[in-house]
Amino acid sequence: MSSQDAPVTAAGPRRRRPAAARSDALRAFAGLLRRDLVLAFRRRSELANPVLFFVMVETLFPLALGADNDLLRAVAPGAVWVGALLASMLSLEGIFRSDFDDGSLEQIALSPHPMPILVGAKVLAHWLVTGLPLILVAPLLGLLLNLPQSAFAALVLSLLLGTPVLSLVGAIGVALTVGLRHGGMLLSLLLLPLYVPVLIFGAGSVESAAQGLPVVAQLYFLGALCTGAVVLAPFAAAAALRISLE
Amino acid sequence: MHRFISQWASPRHFYRLSGKLLPWLSALTIICMLVGLVGGLYFAPPDYQQGNVFRIIYIHVPSALLSMMVYVVMAGAAAVNLIWKIKMADVVARCSAPLGAAFTFLALVTGSIWGKPTWGTYWVWDARLTSELILLFLYLGYMGLRAAIETPETAARASGILALVGVVNIPIIHYSVDWWNTLHQGTTISFTTDNISTSMLVPLLFMIVAFMSYYAVVLMLRMRCEILDRERKSRWVVQMVEGG
Amino acid sequence: MDATGRRGDATGRFVPVPDARLVGCELSCVRDDRELFTGVNLSLAPGDVLQLAGPNGCGKTSLLRILCGLAWPASGDVTWDGADIRRERASFTAELAYVAHASAVKSDLTAVENVRSAMTVSSTGLLRLDPWEALARVGLYGYEDVPARTLSAGQCRRVALARLLCGSAALWVLDEPFTALDRDGRAMVEGMLNDHSDEGGISIVTSHQAVTLDAGRTVRRIDIGARRAA
């Protein structure tokens, strides 16, 4: 392995080592993504928790509202989306927690690679492990709540576009509260206002599809939110993490 | 310009200058509020649609306006603190937050009071009221985060980031709630008719100015307290407290 | 005040040594309204080893974190090769290796996976040493592929130190590296510091006990406890 030391001279100008090249940043992204996925799969028993929570929340609705099929059909779009949102938010809490506790977060902050990219890798890993299963289970739960067949595609698509926004924006909230002992409740207070647009357009698209109306507008808006979040949220989350580490 | 900024950015000068400004601003507040209230409650004619109920706008509209303006001021001050590390900007943000929350709460309460005779219920999910409710949560989140973090500088910076994320999201939230409201056929509410007559408008403008200067007065009072607390070990504070 | 550079010029200002790479100027730290330390100056040239000593709670870790760029000083600045570390963050952190009090070892990964993933995050380009080889050198031969959960505290610290061997950082910042290590471990760390110094690297170490290096090499020392504002 070749040494990468910059030449050290006793006097004279020092050549500063150039910052990491873009390919290095991609490699760091892939490496951190891989590490987080491996860590998640080594704790396989915890993988099912968000999905189980989602299922339990959905069963609460018929129990609370009564088993009237028409009523359930009317509330199904919103109920499924609220359940997915809550499951996503609850699972987000741990995204930086273990790294903060064992000192890995400081190493990430001291990385020569851009921190937003590393944060993006962690959020992607989290979404793959929790968001995707929620999306796969959602149609099943829609069935439980008597969601019309016409709405299933919209449900999956809106969740596909919406859950990344929930993960990305949620990461900002978690980054701000990672240093706090009991940040859980505060996190919900911080995140819920920011989640409102995603919920409105996500549930709205499913509702429209259930009534046979076009859903393109809502999906476009969700797409815009998703793009905006992918571009901006990692920077905000990285800044918030640096502040939490002070 | 630089001297102007550096004067206001220094706690000691701010304390002195605000002390001079306060009597004038307080007088302005009282006068405008008297003119606005008397004009609005007594002189303005009853609305042909809503009767006397509409008069709540003289409190509701300035409150709602201020609630949003204060959030922007708070976010702007937080940004100044994050970028240029001017501590006075953080004092502005910290002291503005409870005021903004109070204005938001006032807007919600007056909106609800207005709702009872008009819609028959104390609450309806109108687009504007829903936006105000979410804004209240944004304020409470800011204050909660600030209170939860122990180190003051870290708390200032973290809540600054939250305020900036919030201010970017407010237009998005507002638009999405608007859209949501039209979709669900919410009651269309207009607090005022389309062409508002001058005799109704003028007191309203006075009330808006009154609320703004009220915000300035209370903000300065709170900031003066905050400055005394933060600078309690510095010589000028000690001299002022002991010398009298 | 004790600085590791020459005492000031005509104006009494701190002057760093000529080929200093890391320079900290008038650093001060305030925690909870208490002034931990003030007026700390240091300048470190290639080959220097600096020990920060002082009683518990005097601010050694705070100073280390300031020197790494994780925390901001109440006043003063830190420069690396003449550039403020906060402005040229990427090029500074590329040459920095920080081993904190918490070992940054994930308990669900094996030792070698820990070292590998740490290197993807912390370093650019190729590794100087294979992780297996590095783990053998820090005394973990045979323990490379067991989950870190089963390792003792001292072994976890060795895993953290193995990262130093794999990377090619010029500046090592080690917070209490001797914790949980036995006598052999101490000797190993001192050997690593020696080698690093020989290659022109800079090391900053906090420790309660004295750090001894090869003969002919002096360990500079700053006592934080003695520097509190009166």
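Predicted model: local features only at pLDDT ≥ 70, side-chain atom pairs only at ≥ 80, totals over all residues.
Colleague: Hi! Anything to know before we start?
Modeller: Residues are numbered from 1 along each chain as its sequence is written, and chains are lettered from A and ligands numbered from 1 in the order in which they are written.

Colleague: Okay, how many residues of chain A and chain B are in the contact?
Modeller: Chain A brings 22 residues and chain B brings 25, where contact means heavy atoms within 4.5 Å.

Colleague: And which side chains meet in a salt bridge there?
Modeller: E246(A) and R157(B) do, at 2.7 Å, N to O. A salt bridge here is a side-chain nitrogen of Lys or Arg within 4 Å of a carboxyl oxygen of Asp or Glu.

Colleague: Let's switch to chain C. How many residues of chain A are in contact with chain C?
Modeller: On chain A, 41 residues are in contact with 43 residues of chain C.

Colleague: How many salt bridges turn up across that interface?
Modeller: The rule finds five. One of the salt bridges joins K106(C) to D102(A), with the closest N and O atoms 3.1 Å apart.

Colleague: Which helix gives the most to the side of chain A that touches chain C?
Modeller: That's α1(A), with nine residues. Helices here are DSSP runs (H or I, at least four residues), numbered from the N terminus.

Conventions:
Heavy atoms only, no water. Helix = DSSP H or I, 4+ residues; strand = E, 2+ residues; numbered from the N terminus.
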